[in-house]
Amino acid sequence: MNDASIAPVRIGLAGLGTVGSGLVAVLQQNADWIAARLGRAVTVKTVLVRDLTKPRAVTLGPEVAITTDADALVTDPDIDIVVELMGGIDAAFALIHKALCAGKHVVTANKALLAKRGPELFALAAEKRLGLYYEASCAGAVPIVETLKSSLAGNRIKSIIGILNGTANYILSSMSEKGLPFAEALQKAQELGYAEADPTLDIQGYDAAHKLIVLIRLAYGCNLPLERLPVEGITGVGPDDIRFAREFGYAIKLIGQVRDLGGRLAAGVWPMLVHEDFLLASVKGAFNAVRVEGDASGPIMLHGKGAGDLPTASAVLADILALARQGMIPNNTGFLTEPLPEAELVDPDDFVSPHYIHFTVKDQPGVMAAISKSMGEHGVSISQAVQKGVPEDGYVSIVFLTHEAPNRAITAVLTDTDAMPFIKPGTVHFRVL
Ligand SMILES: NC(=O)c1ccc[n+]([C@@H]2O[C@H](COP(=O)([O-])OP(=O)(O)OC[C@H]3O[C@@H](n4cnc5c(N)ncnc54)[C@H](OP(=O)(O)O)[C@@H]3O)[C@@H](O)[C@H]2O)c1
């Protein structure tokens, strides 16, 4: 970092897409305000892109160089902070690795990279005593990283429950509000620019999983490899389930959650029924929300725009300003030991919660009794059970809400019921928050 307090902070910006352009726009729009807070200006010196001829959403000043040479950007002695807004894994990893080796602080919004290769990069940043900051990687404008790293640092975190993917939340909200089937809601999200052309990471739960891994590291000081986290997306949520859930008083949301159960973590990403009395049930559209419960603070809820050019740029700028402050000592994960240990997890089959189970069954006597018998044998007690709809092709829906039960008991019930000839394959099961 340049010592002279009046010298500008010089940014090397890797990526001029949605977030990179947003960052340039906010830097232009709020230049005086940022300089007043920092005592020095923040300027973009060089921008790295793949395609020099592509039209851009922002106009760069004549003083800004634009290049396709990543090495030149990260080794430029006149750059103080490298801001990685390219996305992807390999090229972004190489860029950040080289930037840290070249003595630069780094800011990134890349949750996929931090989930998959964060441990290596945080260890390197610690060894080099450099900042590797990532407020924009989780929940866009919502300042959850700093909240966990600093504001709640004195707490033992009991749980984090989040709606961490705006695309999935938008799809579920429009299925619920407009009665759209999944495919149509996804198409609408794509038309409005909420969902990528390839929405796999969003709808299969992996984007939320990446963010949850980042949050777990911040809250508990441990690394959780993605392969160990149970992840289920929203592709199995049907309009019927949304309707049945609503009749029971619940919304279906894609939830990333972790609970501390006496030092071992119960974590996962699933579509879950959330009771309409909970604040999380009313998070609509492309918004994100995170509920954190500290042992001293009690529950705290953060809610805001989880993506988009300016909201995400707001979080990137927070990191740039933090790193540019005088006398700054980097605090990357909020913990001093590096590398951090691996998380100790509760077996996902031991997770206890209420459950929602939707069977499609032949409309004949004895079906309800057979299912109830299996539930009784596996210790699952029923809280509500209803038969829904008029028979279609001789089949009807039977929907159960259970009291709390370990997931392994539900798996045992589903194994029994899958073998019952009067139950259609494809029974739907969701956890209840
Ligand atoms: N979009 C959001 O709302 C949002 C929210 C939170 C976090 N994020 C994260 O922010 C990051 C950027 O997302 P984005 O939506 O802004 O992406 P984007 O619109 O696809 O932009 C990516 C930019 O990076 C450049 N780029 C990609 N690979 C490159 C490479 N190998 N070498 C040089 N330049 C390269 C592209 O250059 P060209 O333009 O020349 O192709 C483009 O300018 C991702 O990690 C994403 O997960 C995004």
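**Entry 1. Terms and model**

I take buried to mean under 20% relative accessible area, exposed over 50%, and partly exposed in between, with a 1.4 Å probe and protein chains only. By that rule K373 is exposed, with a relative accessible area of 55%. The model is predicted, and I read local features only at pLDDT of at least 70 and side-chain atom pairs only at pLDDT 80 or more, while totals for chains, interfaces and linings use all residues. Residues are numbered from 1 along each chain as its sequence is written, and side-chain values use heavy atoms, with hydrogens and water left out.

**Entry 2. Salt bridges**

I counted as a salt bridge a side-chain nitrogen of Lys or Arg within 4 Å of a carboxyl oxygen of Asp or Glu. Side chains of opposite charge can pair when their charged atoms come close. How many salt bridges does a search of the whole structure find? The search returns 14.

For helices I use DSSP runs of H or I with at least four residues, and for strands runs of E with at least two, numbered from the N terminus.

I looked up K373 again and found its side chain in a salt bridge with E377, at 3.1 Å from N to O. Both residues lie in helix α13 (residues 367–377), four residues apart, or about one turn of the helix. E377 is also exposed, at 53% relative accessible area.

I then turned to helix α5, where R117 and E120 lie three residues apart, again about one turn of the helix. Their closest N and O atoms are 2.8 Å apart in a salt bridge. R117 is partly exposed at 25%, and E120 is partly exposed at 40%.

K111 forms a salt bridge with D207, the closest N and O atoms being 3.6 Å apart. K111 lies in helix α5 (residues 111–128) and D207 in helix α10 (residues 206–220), so this pair ties together parts that are 96 residues apart in sequence. K111 is partly exposed at 23% relative accessibility, whereas D207 is buried at 6%.

I also noted a network of salt bridges that links R10, D78 and D80.

**Entry 3. Domain 2 against domain 3**

The bounds I used come from an automatic or database domain assignment. They give domain 1 (9–133), domain 2 (149–305) and domain 3 (349–432). The C-alpha centres of domain 2 and domain 3 lie 25 Å apart. Taking contact as heavy atoms within 4.5 Å, I find 17 residues from domain 2 and 14 residues from domain 3 in the contact.

The size of an interface is often given as the accessible area lost when the parts come together. Here buried area is the accessible area (1.4 Å probe) that two parts lose on being put together, summed over both. Domain 2 and domain 3 bury about 1,400 Å² between them, with 72% of it on carbon and sulfur atoms. Which three residues supply more than any other three of the area that domain 2 buries against domain 3? They are F244, F248 and L273, which supply 43% of that area.

The elements giving two or more residues to this side of domain 2 are α11 (239–248), β8 (250–261) and β9 (264–275). By class, the side holds twelve nonpolar, one polar and four charged residues. For these classes, Ala, Val, Leu, Ile, Met, Phe, Trp, Tyr, Cys and Pro count as nonpolar, Asp, Glu, Lys and Arg as charged, and the others, Gly among them, as polar. Across the interface of domain 2 and domain 3 I find zero salt bridges.

**Entry 4. Single residues**

T108 is in strand β5 (residues 105–108). Is T108 buried or exposed? At 1% relative accessibility, T108 counts as buried. Its side chain joins that of E84 in a polar contact of 2.5 Å; the term means a pair of N or O atoms within 3.5 Å, where within protein one must be able to donate a hydrogen and the other to accept it, and residues adjacent in sequence count only if both atoms are side-chain atoms. Leaving aside neighbours within four places in sequence, T108 also contacts other residues, among them I96, L114 and Y133.

I checked the backbone as well. The peptide bond from E338 to P339 is cis, with omega near 0°, and P339 is in the loop between α12 (309–324) and β12 (352–353).

R129, in the loop between α5 and β6 (132–133), has a positive phi near 55° although this residue is not glycine. A139, in the loop between β6 and α6 (144–151), has a positive phi of about 60° and is not a glycine either. R129 is exposed at 70%, whereas A139 is buried at 0%.
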